Each structure stands twice: as C-alpha cells, then as structure tokens.
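Dear colleague,

I am handing over the structure below, and I would be grateful if you kept it open while you read the notes that follow.

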Amino acid sequence: MGEILTYTLLQRLDSLEKVFRANLQLANTLRNYISRKLEELRKREGSDFSLKIMDFCGTHEWTIVHFGLRSLMPKGIELVAGPGCPVCVTPSYYIEQAIRLSLEGITIYTYGDTFKLPAINPVDGVSSLEEARARGGRVKLALSLMDAIRDAKATGKDSLFLGIGFETVAPGYARALVADMLPPNLKLLSQVKLTPPAMFYSLDILRDKPTDAPVMGVIAPGHVSTVTGAKAWVPVAEHFGIPVVVSGFEPIDVLSSIAEIMRQLVNREASVKIEYTRAVTWQGDLKTQAMIHRAFEVADDAWRGIGFIPLSGLRIREKYSKNDAREAYGIRELTPAEWKKDTPPGCRCAEVTLGKAKPTDCPMFMKKCTPEKPYGPCMVSIEGTCAVWARFGGGGLAQEIAAELEQI
C-alpha cells in the first residue's frame, strides 16, 4: 500500500512540475499575452508608458530570479521585490538582546537563517548569535517551536525561542500558547510581523517618487494567504486602485499572475484575484485566525532599516504573559523615539526591502557583503532579496530559458 501511495504522489508531483514549471509553451503564451497587454496600455496612456509590479514574498523573488522571469518581461514592465523576508526586517535590538542573554547562560533557540544575522551594536564584542555560540554563548538551532519545547523539557535550562516570521508561523506559536505547551523554563519572544500593513507602507513610500514608473500591481504572498485568506488584500486594491493577485510559487504561477494584473489594468479593474486556488481561499483558515487572535494582540512594530509600521506586529496577550520573554527577561519594547536606523553604514538593505533599489545598486553587494560573510540583513536569509540575487541572479538558467523561448 505504501508503495502505491508513493508512486501516486510521485506521479502527482511530476504532473504538477510539467504544468507549472517545465512548460515552455505556456510560458511563451503568457509572455506574449503580457506584451500585448502592455502595447494596449501604451496606445491608451502613451508610447513611453511603463510600470512596476511588486512581489511580496521571498519565495516569489526566488522564483523570479532563479527562473529568469525578469528576462521574459517586455521593456516597460519592471518586477520589484518588496519586504518579503521576516529575518531581514527583524530589528537589530532584539538580536542584541538574544546575544546578551545567551552570553549570560540563557539558551537561545533560533532558526538557521537567523544564526548569522548581524547586529549593529556588538554585545561584549559579539555581533551575531553565531559569534555568541563560538564565544561560549548558549545558542541552539531549531526547526520549529516544537523542537525547542522538546529540548527545553529535556534540559531543564532557562531558555528563549526567538520567534521570527510572518503570518505563516503564527498558528504554531498560537497553538503552543493556547494549549499551554511551553514548559516553565522556555519563553517565547514574538517577532511575528504582519504583511498587509507592510504592503501599505511600501506602496506609500514608492508613490513618494512620482518621477519613477508607478507600482500598478502586486503579487501577493501565497503562503501567508492560506492563513489570512485573499480577503486580507482587498483594502490594498481598493485604497491604491491597483490589481492584487495571490500567487503560487512556480514560474507559471507567477507569469499567470502578471498576466492577470495586465488584464485588469487594460480593463481598468482593481480587484483581488486568487491564482493559487490549489491552496488559498477567499476567507482563509478562520479557525486558525481565531486562535491567533486569542493568543496575540496586534501592535505597532519596528521593521529593521525602515522604522515603525502601525499595527504590523503580534505580541503575546497578557493572559499568556507567563510565556512572554519580554516579561521574563526584561526585554523592553522599542519605541519610535528610541529606534535608530539599524543597518550598517553604506548598506542599502532598507531601500532594497522597500523596492526602491536593486541589490546591485548597493556598493557593498558581492564585495563587502556576500552570502558567506553577510554585511547587511538582506544577505542572510535565503528569502532575502540580496541573498537570492547573489546565489541566482544573472546568467545561467535565466539565459537558457529566454533563449529556448525565442525559438518557440
């Protein structure tokens, strides 16, 4: 029976790959459709009309870069990355607090992509959790909060889980709090950030530069939307008057989403559509949303290099304060008055995160700042735009796909 199930699963995965990835014929059809729609817009708006489309997920940016989708866009359509990396926007202050506690003997559980995240203000000469562990600090890598719970129960050591992420990680944290799963010696430091407020903030910032091509469409994050539902993006579409498409993560998903954005622009529409129907619904997971609301309250939050975004973070409710690392270890909340720009000198990560600059615009990119030795936060996580560009940008697969499509 197991062999039959495995074979069936492999067949399904192979079928999905043929439809959404290894499908040059459909990719070419979508590219031609996008080009035609741009020409229709230029007939109406002027021959020099151009626009930007922003993606809001590090995985979408990975797909765009890895599969060379920018090279398939007609001149006049620019794909720009938004704040789709939770590690990149975690304030240095909270990393500094985690370093301090680890050096004081508190076990810090962290995801692997946070391990090398550089702090602005070294603590006793230590600038990352990786360095802290090398100096004897108690730092352990964990795949999930459940991993940390199991280890904390086994060791009995005072410990803290560094809870970084977007809405996709919130259900696991909320369930652990509501079900009272954390042992007394383990505390949670919630650094969960909410993407819709960041989308508003980014689009507002970009519209401050009216000389640039405007952002006229958004590729919304599919994973986040499985939790929030596509309805979460309606205020964005209505407020800015632009199409928003919730997209899957394969290249055909992204091209289809761009095609839908162009269709709406030609038809003067501005609505939310779900391309990723195999995973996302309009309402989302209502039970999970209720559980998150029960465990957390929404608060203004600091985003690294950017500043405070209203109602953009989740904080543990007072009912579960016994699990809150802020209460246990005296970690004060940052305030707008105290927050300082927390990217290193010369680093343009904040502009990259907001879609105002490309990684290659930064003088540090692939010079002082590399995936092996990250200087800025956008080079640390695989979801960071600079890290994606460093590993997959330019040449290679992008050129191969573009050359093959030219022959179709």
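In which sense do strand β1 and β2 pair, and over how many bridges? Before the answer, please keep in mind that this is a predicted model. Strand β1, residues 51–55, pairs with β2 in the parallel sense, and 5 bridges hold that pairing; within it, D55 has A81 of β2 as its bridge partner.

These two strands belong to an open sheet of 5 strands, which follow the order β2-β1-β7-β8-β9 with parallel pairing. Because β2 (77–81) and β9 (272–274) stand at the edges and have a single partner strand each, one side of each is left without a neighbour in the sheet. On average, neighbouring strands of this sheet are turned by 20 degrees against each other, direction ignored. Helix α11, residues 251–266, lies across β1, β2, β7 (215–220), β8 (244–246) and β9, and runs at about 145 degrees to β7.

There is also an open sheet of 4 strands, in the order β4-β3-β5-β6, and here too the pairing is parallel. Its edges are taken by β4 (139–141) and β6 (186–192), each with a single partner strand, so one side of each has no neighbour in the sheet. Strand β5 (residues 159–165) runs parallel to β6 and is joined to it by 7 bridges, and S159 has L186 as its bridge partner in β6. Helix α7, residues 170–178, packs on the sheet and touches β5 and β6, with its direction at about 145 degrees to that of β6.

The largest cavity has a volume of about 100 Å³ and is lined by 14 residues, of which C347, R348, C362, C369 and C386 lie nearest its centre; by class, its lining has 12 nonpolar, 1 polar and 1 charged residues. The second largest cavity holds about 80 Å³ of space, and of the 16 residues that line it, G82, G84, C85, E383 and T385 are the closest to its centre. The lining of this second largest cavity divides into 7 nonpolar, 6 polar and 3 charged residues.

Lastly, on confidence, the mean pLDDT of the chain is 91, and 90% of its residues reach 70 or more. Over residues 1–13, however, pLDDT stays under 50, and the model has 0 contacts beyond four places in sequence for them. Where pLDDT is low, the predicted coordinates should not be read in detail.

With best wishes

Technical notes
Residues are numbered from 1 along each chain as its sequence is written. This is a predicted model: local features need pLDDT of at least 70, side-chain atom pairs count only at pLDDT 80 or more; totals for chains, interfaces and linings use all residues. Side-chain values use heavy atoms; hydrogens and water are left out. On a 1 Å grid over the protein atoms alone, a cavity is a set of points where a 1.4 Å probe fits but cannot get out, and a pocket is an open set with protein on both sides within 12 Å along at least five of seven lines; lining residues have an atom within 4 Å of a point. Grid points are joined across faces, edges and corners, and a volume is the space filled by probe spheres set on the points. Ala, Val, Leu, Ile, Met, Phe, Trp, Tyr, Cys and Pro count as nonpolar, Asp, Glu, Lys and Arg as charged, and the others, Gly among them, as polar. pLDDT is the predictor's confidence in each residue, from 0 to 100. Contact means heavy atoms within 4.5 Å. Two strands pair if DSSP finds at least two bridges between them. Axes are lines fitted to C-alpha atoms, for helices over the stretch in contact, and angles run from 0 to 180 degrees between N-to-C directions.
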